[in-house]
Amino acid sequence: MKTKSSGTVIIDWKPDKGSDITLTKQIIGYLKGRIAKGDWLVGQKLPSQRKLAQLFDVNRSTIAESLSELSALGIVDSSFGKGTTIINNTWSLIFAGSTPDWNNYIEHGIHRPNNPTIQAINKFEFFEPITRLGTGEMSPDEFPCDLMASVLKRVSDLNISYNYLEPLGLYELRAGLCKYLKKFNLSVEPSQVLIVSGSLQALQLISLSILGPNSVVLVEEPSYIKSLRVFDFSGITMKNVPMDKDGIQPWMIDDTILKKGMSILYTIPTFHNPTGITMSENRRSELLRWCRLNQLPIIEDDVYRELYFDDPPPFPIKSIDTSGNVLYLGSVSKSLAPGFRIGWIIGPESIVERLGDIKMQTDYGSSSLSQWIMTEWFASGLYEVHIQKFRKQLKKRCFFMLRLLDMYFSDIATWNIPKGGFYIWLKINKSIPIEKVFHHALKDNILINPGDIYSFKKNNCIRLSYSYASNQDMEDGLIKLSNIIRKM
Ligand SMILES: Cc1ncc(COP(=O)(O)O)c(C=O)c1O
C-alpha cells in the first residue's frame, strides 16, 4: 500500500463554513480522502500550517488540531521544524473509525481458537530471556549447517522448476521417500504417497475430507492431538482410550460408539507424545487385528520414529497392514527441520488422491523449494549422516536431563526413562494445580508444557523436553521449577 514519492501536494479545496460538520472534521476528512485515494503519496509533504490556514481560510489552531489527529492515527508525521509529511496510506489506519467488527467475525469462524495455554506457549517461545523446557523441537545448535550448505549447493546446481507441482507432490521426493522407507519394512509406491506441509496438515486434510458429523476419533489418553483443535469441529468428537506400558489398549474401546458414524483411531505408537511410551510389537499386531475386525481405520502418526538412542523401535503398524487399514503419517519436523514444513501421508491410492485433491484446493501444494531440498537430503545420503549424529546428541541431552531430575526432583516426582524421542513425562507426587505451576514458572522466564493440555482429565504432569534448551538453561530452569513446585 505504500508508494513513495516526494514534493508538496496541491490543494484546491475549502471547507464549507455553513455546514453542521465542524471545520476540523471536514479538513481531516478531506486530507484522509486524498491520501486514501492515492492522489497523494507516502513521502509527499503537506503545505506549512500557515499556508494551509490561508488555503482553507481557517485559524492556525484548527489546522494544528487537524494535523495532530492525523499524526495520532499514524498517517502523517509533523516533526517540529520539518513540516508535515505523509507517512502511511494503509486503509486500515485511514478508515480507523469505520473498520468492520472483526471480533464478531472471529467468534463465528468454523475453527475454534487455540487453547489459551497453548496460545501462551506459542507466544512466549519467542521471548528472548525464556528457557524452553517443553519445546518439542531440535535445538538450533544441533542443526547440521554444513550438510545443509552441501544440499543447497546440489539443489542450486540442478536445472529445476519452482512452479506448482502435481497434486501428490514432487515425484522425485515421493520416489526417494519410498526408497528410504524400505528400511522401516514399508513397501510403498509413489502413487500411495501425498506430500504435505507437515503431518499436522495431514490431520487437517483427513478431518476435512474423510470425517464428518457423528465421526468419533479414538485417541490415546493422554495424547498430543488433544492439545490441538484439529478434530474439534463439525461434529467430530474425540474419545480417549487408556494406555499401559505397551501402548493403547484396544480392548478398552467401547465398540458401540463405532456404529454411529465414520470413526477412526489416531495413535502415536513410537516415542509417544507426551508420555514417551513405545507400543510393543505384539500390541501393534493386536491393535491392527482389533481394528480390522471392527472396520476401524488407523492413523499412525510416526513423526518420532527416527529418534531412537540405541535399538530401533518395532516396525510401523503400516508395515504389517495388508488390507489398507492404516494411514501412515511422517515428517522431517522432528528429525531435521520443522521449518521445511515437509511431511507425508501414505495410504490406499483412492484416499491419497482424495486428500491430494483437497490439498490442491487448499494451498496448491507444499513449497516446491522445500520438496527439492528434501529430495536432495535423501538422495545424497546426508539425511542418514545427520540422523545418526543427531541420535547420539539427543541421547546425551536426555541423560543430562535425567541426572538433573535425579538431583532436584527425586523426592517430589516420578518419570519415565526414554529410549528415544524428545519427552520426559514428569508426574508430580502431590496434587497441585498444574496451570498455576505454568504461570509461576513463566514469571521466572521458564516455559513448560503442562500435562493437562494433552489430557481429557486433570493431571499432575508436566511434559519436559530435552531436545531444545542448552545444558546450562536446563539446569537453571529445572532448579527453579523444582523450587516452584516445592513452594506450592
Ligand atoms: C505426534 C505429533 N504429530 C505431529 C506433529 C506436528 O508435526 P509437523 O511439524 O510435521 O506438522 C507433532 C509436533 O509436535 C507431534 O508431536
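Q: How many residues does helix α12 have, and how far does it reach from its first C-alpha to its last?
A: This is a predicted model. In it, α12 covers residues 368-380, which makes 13 residues, and it reaches 18 Å from first C-alpha to last. That is close to the 18 Å expected at 1.5 Å a residue.

Q: Is α12 largely enclosed or largely open, and why?
A: Helix α12 is largely enclosed by the rest of the structure, because ten of its 13 residues are buried. Buried here means under 20% relative accessible area.

Q: Which residues of α12 are buried?
A: Ser368 is one of them, and so is the run Ser370, Gln371, Trp372, Ile373, Met374, Thr375, Glu376, Trp377 and Phe378.

Q: What caps the N-terminal end of α12?
A: Ser367 does. One of its side-chain oxygens lies 3.3 Å from the backbone nitrogen of Leu369.

Q: What about just after α12, which residue takes a positive phi there?
A: Gly381, with a phi of about 80°.

Q: Which residues other than glycine have a positive phi?
A: Tyr364 and Gln295 are among them. Phi is near 60° for Tyr364 and near 50° for Gln295.

Q: Where is Tyr364, and is it buried or partly exposed?
A: Tyr364 lies in the loop between α11 (349-363) and α12. Its relative accessible area is 47%, so Tyr364 counts as partly exposed.

Q: And Gln295, is that one buried or exposed?
A: Gln295 is exposed, because its relative accessible area is 70%. Its place is the loop between α10 and β10 (298-301).

Q: Where are Pro222 and Pro274?
A: Pro222 is in the loop between β6 (216-221) and β7 (237-244). Pro274 is in the loop between β9 (264-267) and α10 (281-293).

Q: Now sheets. In what order do the four strands of the open sheet come?
A: The order is β13-β14-β17-β16, and the pairing is antiparallel. β13 and β16 (449-450) stand at the edges with a single partner strand each, so one side of each has no neighbour in the sheet.

Q: How many bridges join β13 to β14?
A: Two. β14 is residues 423-428, and the two strands run antiparallel. Ala413 stands opposite Ile428 in β14.

Q: Which loop holds Phe409?
A: Phe409 sits in the loop between α13 (382-408) and β13 (413-414).

Q: Is Phe409 buried or exposed?
A: Phe409 is buried, because its relative accessibility is 0%.

Q: What is Phe409 in contact with, leaving aside neighbours within four places in sequence?
A: Phe409 contacts Leu404, Trp415 and Leu426, and also Leu478, Leu481, Ser482, Ile485 and Arg486.

Q: How far apart are Phe409 and Asn429?
A: In sequence, Phe409 and Asn429 are 20 residues apart. In space, they are 10.0 Å apart, C-alpha to C-alpha.

Terms used: Residues are numbered from 1 along each chain as its sequence is written. Side-chain values use heavy atoms; hydrogens and water are left out. Buried means under 20% relative accessible area, exposed over 50%, partly exposed in between (1.4 Å probe, protein chains only). Contact means heavy atoms within 4.5 Å. Two strands pair if DSSP finds at least two bridges between them. The expected span of a helix is 1.5 Å times one less than its number of residues. A polar contact is a pair of N or O atoms within 3.5 Å; within protein, one must be able to donate a hydrogen and the other to accept it, and residues adjacent in sequence count only if both atoms are side-chain atoms.
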